Amino acid sequence: MNEYQITGKKLLSDDIAVFQLSPVAKELLTFQPGQYCLISDPDFEKPEEEHIFSIASEPENRHHLEFAVRAYGRWTKNLLKQEKGKKLKIRGFFGKFLMPEKCGAAVFLVGGVGISPVISILRHLARKKSDSYLRLFYGNRTPDSAVYGTELKELEKDLPGFKVIEVFSESPGNTDALSGFISRELLTSEIDMQLLPVFFISGPPVFLIKMAGILKELGVPPKNIKMEKIISPRLPFLHPVNKK
Ligand SMILES: Cc1cc2nc3c(=O)[nH]c(=O)nc-3n(C[C@H](O)[C@H](O)[C@H](O)COP(=O)(O)OP(=O)(O)OC[C@H]3O[C@@H](n4cnc5c(N)ncnc54)[C@H](O)[C@@H]3O)c2cc1C
């Protein structure tokens, strides 16, 4: 368990904030892009209660860990009220939502705050000046709820093989984004399936089920699909850390 403190906070809306956390004493521990950690708040009701958050920063960033947090229940709502200097405990790092070392083509299917592990991977690839074929289908309710929307567009300039396709379930208004949901038709029209890409799905359980169903219809072999389920650890049967 390592002590960290909030060194940066940006409130994006009533229920979403991006936090930067730096270690209080020790060095920032090394992790792999796509991994998550367990965070506890020593001052909250149950100091030992740990909540899972994917790391949004890339391992090359040695100043801080970044997290995009959406408030759902008591713990996350309390976190969103915290400011710089607040101390938190971090245990980690876990998870196998990792990009294979030699991966020529990857497609990311993301719902909402499921973007966290994916932006970590993309930031890491930008640092490595990767020219891999990369497609991101990013589904959100509205442009305002799309965390990292602007940075993802910037990453298109740094990563020559990268394209982001944003889809909003409520009308996107005056943007060039699509309205509706990520569909089979959209994927087949945008992805070069001949490259045999590895698919990364990250988002809430319903989103994972929907996307996995589409990939099955498209004949993508299970070995080419990686999934990260973004869900509350209060649902123990869904909690990845509790899985045997
Ligand atoms: C591998 C992994 C990575 C995660 N990464 C992130 C991340 O980067 N950013 C982030 O904001 N969250 C992330 N989460 C989810 C986060 O851990 C929970 O949202 C948080 O712990 C909820 O705690 P709470 O006490 O505030 O809400 P709870 O009291 O546990 O939940 C309140 C209500 O909201 C529902 N709920 C809670 N979380 C979610 C959710 N994610 N989706 C849909 N419904 C939900 C619950 O079912 C319940 O009905 C991740 C979870 C996992 C398993």
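Me: Which residue does E83 form a salt bridge with, and how far apart are the closest N and O atoms?
Reply: In this predicted model, E83 pairs with K9 in a salt bridge, and the closest N and O atoms are 3.1 Å apart. E83 sits in the loop between α1 (74-80) and β6 (87-94) while K9 belongs to strand β1 (residues 2-11), so the pair ties together parts that are 74 residues apart in sequence.

Me: What about E101, which side chain does it meet in a salt bridge?
Reply: The side chain of E101 meets that of K128, at 3.8 Å from N to O. This pair links distant parts of the chain, with E101 in the loop between β6 and β7 (105-111) and K128 in the loop between α2 and β8 (133-140), 27 residues apart. E101 counts as exposed at 69% relative accessibility, whereas K128 is partly exposed, with a relative accessible area of 43%.

Me: Which residues are linked in a network of salt bridges?
Reply: D41, D43 and K86 are linked in such a network.

Me: Switching to the ligand, where does it sit?
Reply: The ligand sits in the largest pocket. The elements that give two or more residues to the shell around the ligand are β4 (51-54), β5, α1 and β12 (225-229), and β4 gives the most, with four residues.

Me: Which residues come nearest to it?
Reply: There are 23 residues around the ligand, and of these H51, I52, R70, T76 and S232 come nearest.

Me: What lies 2.7 Å from an oxygen atom of the ligand?
Reply: That is a backbone N or O atom of R70. A backbone N or O atom of W75 lies 3.5 Å from a ligand oxygen atom, and for S116 a polar side-chain atom lies 3.1 Å from an oxygen atom of the ligand.

Me: How much of the ligand's accessible area does the protein cover?
Reply: The protein covers 84% of the 920 Å² of accessible area that the ligand has on its own.

Conventions
Residues numbered from 1 in each chain as written. Predicted model: local features only at pLDDT ≥ 70, side-chain atom pairs only at ≥ 80, totals over all residues. Heavy atoms only, no water. Salt bridge = Lys/Arg side-chain N within 4 Å of Asp/Glu carboxyl O. Buried < 20%, exposed > 50% of the residue type's maximum accessible area, 1.4 Å probe, protein only. Near = heavy atom within 4 Å. Polar contact = N/O pair within 3.5 Å; in protein donor to acceptor, adjacent residues only side chain to side chain. Areas by Shrake-Rupley, 256 points an atom, 1.4 Å probe, with all protein chains shown as cover. 1 Å grid on protein atoms, 1.4 Å probe; cavity = no way out; pocket = protein on both sides within 12 Å on 5 of 7 lines; lining within 4 Å. Sits in = over half its atoms within 2 Å of the grid points.
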